[in-house]
Amino acid sequence: MRFACLPAAIIASLTFLNAAAAFEIEERATYAASNPQTELRIISTADRGVFEPILVAFQQKNPTVSIDYVIASTTELMKAVHEEGEVFDLVISSAMDLQTKLANDGFAQTYRSPATDALPDWAKWRDQVFAFTQEPAVLILSEKAFPTDDYPTSRDALIDLLRDQPDRFRGRVGTYDVRISGFGYMMATQDARVSENFWRLLEVMGRLDARLYCCSGAMLQDIRNGDLAIAYNVLGSYAQAQLADGGGYRIVLMSDFANIMLRTAVISSNAENVTDAQIMVDFLASLESRPDLVAASGLPAIDTDALQSNVALRPIRLGPGLLAFLDRLTRRNFLRNWEASITQE
Amino acid sequence: MTFPPLTRSIRTRLFLQLAAISALLSVALFLVVRGLAETAAEATQDGILSASATSIADALRSEDGEITLDLPYSALSMLGTTNDDRVFYKVEVNGETLTGYDDLPAPTDAPTISRNTFATFDYRGDEVRMVSASRTVSAGGVPSNVLISVAQTRLGLAAISQRISAIATGVGLVFFLVATALSLLAARSALRPLKELTAAVTRRGPADLRPLAIQPPTELEPFVSALNTFIARLRASLLRSEDLIAEAAHRVRTPLATVRAKAEVTHRKLNKPEHRQTMREMIRAIDESSRSAGQLLDHAMVTFRTDSLATESIDMGELVRETVARLEPAADLKDATIRCTIPKQPPHFTGDRILLQSAIQNILDNAIKYSPDDSDIAVTLTAVDTLRLDVSDQGRGFGDTDTNTLKARFSRGANVDDIVGSGLGLTIADEVARAHGGTLAITRNEGAKGACVSLVFPLQ
Amino acid sequence: MRFLLIEDNANLASAVAERLQLDGHAVDHAGTLDDAESCIAAADYDLILLDIMLPDGDGRTFLQSHRRAAKSTPIIVTTARSEVSDRVSLLDLGADDYITKPFDFSELEARCRAVLRRRGGVAANRLTVANAVLDSTAGELQIDGVGQTLRNRELRLLEVFFTSPGQVFSKSYLLDRLFSFSEDVGENAIEVYVGRIRKRLEPSDAVIETVRGLGYRLVAKQ
């Protein structure tokens, strides 16, 4: 998952194609240590802007570790690690299903430490996949379209609203194009798994000529400039971070249920610098104890208390169940149904 | 049959045997518990795998003449409920992979519609357990054979197995320890009758030759009955011996008494001094032999009784008074006076009354014998620090004889040729003293005539 | 004194009886327990000498029945055994004393005297010469009602003289009466004791005379 797919200028200026790498790199940054002794190679889906505070803090604690930080999309990341066997020490991704597949298919190393033991059971799998953030998918409503407190907070209410006032929202509802967005696909499959309302909502949105997006950034852009009134299944942490830049929208945590994505780290099975990768995993696993980093990165740390205080929050479960939606036949059938619903063909 | 020292103890042998059996049972218990638990764990995994394969099979459908499938989320997620094992699956239609892991091997044992098959093999670096199920699905009117395989690594099973092994080891160990402790108790309790029997025999006084009245366990009945037979024989034999000794003493002493009486009568009637002297010597010879016989019997009795000392509470003051009273006539004959000093409340002493009386009598007898006419014999009982009986006379003492040798058998002072004696008196007293943990002390009276013979016992 | 001697060995019995008679005692002899019972029924005895092994029963049963019948005649048991345990049980059964065979007659006499003294109640055995009275049971010499307690040998010596006043007793005879056979003493030891009883008799009208070359005799002053 990428936070942004637009900053082509940055890509142009920073992308220097690795000769051996057939996968597509979005950005690459090297953080040289003051006293370099080792190098930690990370492949990640998180933007540099988001992750840099964490990397810098890590380097303050471990001043001898240089960090090579490579950013790629979830799909490209999977391609690099799973298919092409690129050498990275640590794989950080928001695609829980793909991270699970990495571990299931033997591309991850087992690691246990007091820090990982302290993680709740739902935040790790096989001692190979370690979650360090919990980020809900949210409903974004334009303030112009919903100036008052009268706005939907559940899927049922949303469906009713869209059905009742089709003219008001025609062409002004947006969601992920799950065919190209890994995050969108994962959220859609989880929605479908949890509730039959998903297909009804999709059909309603299809009838209103819903607009499909590659990424959260574009959706928020259109909300801000008034093209969209409603954006469904936007990554909450990103929307929260962007709210400061101009605002103009409302973030709604659905009261019936809100899927929570866990950003996870995996130590690659072919890692060359296992030690530093492990230190980084410990560092990430204890993110909760660094509120400064949480604030700087906008990444909410693992917090069981928050989940207990709001029963609608449902962390997506790590484990073999996630593999079901990666099955190509299942995916093909799902996408076929999705297309049928959303395009109303 | 002889055993090495360790195993000569029945208890040790019993205990070792029971402990060995416990150890075997513990190992067996360990193996059974682990085997059962592992079988159960494996069955559980097989059951979940089967459920998963069935769930996938049930999702098969035909669409546009093709077989297709929406992999149920639960089919795979259920495999992650009990452990974190890796999961692989493959769906084949007529031998062609429909979806899943292409390289997952085909089952060696082909499943049928009614029977799933299981296989265990290495796959992608781990041992996996695979279930295969078979279904026939009609696609476009043509029945196709669909093979569903679901595999899962067995790390969770290994972890369970490890945990079970640890528990089984614990159970086995606890069983062993408990069983061993119980063996110890059992061995002890099994041998308690023996201990009681031993105590019953040991407790007996020297003269107690009644049969054992205890009710032994069945196994010990022959032994107790044999022991009782032996006791009966011993008692009969002892009675015979006692009767024999009594009879012998009677047979010897009665004629001696006759001779002595006649000799005294004759002595009285004789007038010539030389005849009278001869008769006197005869009488003294008779006295000497009878006295020796008496002391020999006494000494034998002392030896017998000290082997198994009777223990009764004795009022020592009373005992001394009685013995003195008994010997007073003999002292009177010589105008000797026995002066008795006994504390008002002499301590009770635990010991053999007959032996103690014999010792005191022998000491007093000696003192009277060696006392000059018109002399005093001081008998003093004290109970300060030790229980001490001093018998002090004004006789000739023991001369230069080493006081220690006086205690030896048939040893007499160097200056007593003119007095009848066997030399056993002090030996008897000494043996009695030692049997009671005390000593016999012989001291010369400083600055005065005579000697002091003391019995010294520790206060109880 | 009158003795009942219960003894199955006739030889020993006659020897003992003869010996006691020498000292002036009367002795009846019973060879069996049956005989003894008849004797006791017929006469009063000062003392019974009982042999413990008898043909028609154990002396112990006699002791027990005698004591049960509450008869007061003292009994001294003569036994051939010498074990202490035996002696103790005899005393427990009611014997007043015991003496081991063979016995010294002077010791027997001493024991009889001791038993009788312990028992008391027996009629005083008084011998009188002039104004001197010898109470041998109490061991006392009374002159004009004034008593002197005598030592053992003094008493025995006085008994000899008081039994036969006027009779001359040789030194050797007196020696036999006074000293046991186990004691080796010279005849002049007698002079010491005669000296003592003379002193005892001084306040009285009785006196011990020396009969030159023959011995001593007790006479009343003229």
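## A tour of three chains

Start with chain C, which has eight helices and 13 strands. Helices (H or I, at least four residues) and strands (E, at least two) are DSSP runs, numbered from the N terminus. This is a predicted model, in which local features need pLDDT of at least 70 and side-chain atom pairs count only at pLDDT 80 or more, while totals for chains, interfaces and linings use all residues. Residues are numbered from 1 along each chain as its sequence is written, and chains are lettered from A and ligands numbered from 1 in the order in which they are written. The model scores ipTM 0.85 and pTM 0.57.

**Stop 1: chain C as a whole**

The average for chain C is 84, and 94% of the residues score at least 70. Of its 222 residues, 41% count as buried. A residue is buried if 20 or more other C-beta atoms lie within 10 Å of its own, exposed if 12 or fewer, and partly exposed in between, with C-beta atoms placed from the backbone. Now consider contacts, that is, pairs of residues whose C-beta atoms, placed from the backbone, lie within 7 Å. In chain C, 48% of the contacts with a separation of 6 or more are between residues 24 or more positions apart.

**Stop 2: helix α8 of chain C**

Select residues 188-201 of chain C, which form helix α8. This helix has 14 residues and reaches 20 Å from its first C-alpha to its last, close to the 20 Å expected at 1.5 Å a residue. The expected span is 1.5 Å times one less than the number of residues in the helix.

Show the side chains of I190(C), Y193(C), V194(C), I197(C), R200(C) and L201(C), the buried residues of α8(C). They lie on the same side of α8(C) because they cover an arc of only 110 degrees around the axis; the arc is that of the directions from the helix axis to the C-beta atoms. Then turn to the face of α8(C) that points away from its buried side, where N188(C), V192(C), G195(C) and K199(C) are exposed.

**Stop 3: where chain C meets chain B**

Display chains B and C together. Here 35 residues of chain C are in contact with 38 residues of chain B. On the chain C side, the elements that give two or more residues are α1 (10-22), α4 (84-93), α5 (105-119), α6 (152-163) and α7 (171-178). Select α1(C) to see the element that gives the most to this side, with seven residues. Coloured by class, the side of chain C that touches chain B has 14 nonpolar, 10 polar and 11 charged residues. Ala, Val, Leu, Ile, Met, Phe, Trp, Tyr, Cys and Pro count as nonpolar, Asp, Glu, Lys and Arg as charged, and the others, Gly among them, as polar.

**Stop 4: chain B and its side towards chain A**

Chain B contains eight helices and 14 strands. Buried residues make up 33% of its 460 residues. Among contacts in chain B between residues at least 6 apart in sequence, those joining residues at least 24 apart are 64%.

**Stop 5: chain A and its first residues**

Hide the other chains. Chain A has 16 helices and 12 strands, and 48% of its 345 residues are buried. The average pLDDT of chain A is 88, with 93% of the residues scoring at least 70. Select residues 1-20 of chain A, where the pLDDT is below 50; beyond near neighbours in sequence, this stretch has 32 contacts in the model. Where pLDDT is low, the predicted coordinates should not be read in detail.

**Stop 6**

Select β3(A), residues 65-71. Six of its seven residues are buried, so this strand is largely enclosed by the rest of the structure. Two strands pair if DSSP finds at least two bridges between them.

- Strand β1 (residues 27-31) of chain A runs antiparallel to β3(A), and five bridges join them. Pick T30(A) and find D68(A), its bridge partner in β3(A).
- Strand β2 (residues 38-44) of chain A pairs with β3(A) in the parallel sense over seven bridges. T38(A) has V65(A) as its bridge partner in β3(A), and I42(A) stands opposite Y69(A).

End on β2(A): five of its seven residues are buried, so β2(A) is largely enclosed by the rest of the structure.

Key
Contact = placed C-beta atoms within 7 Å. pLDDT = per-residue confidence, 0-100.
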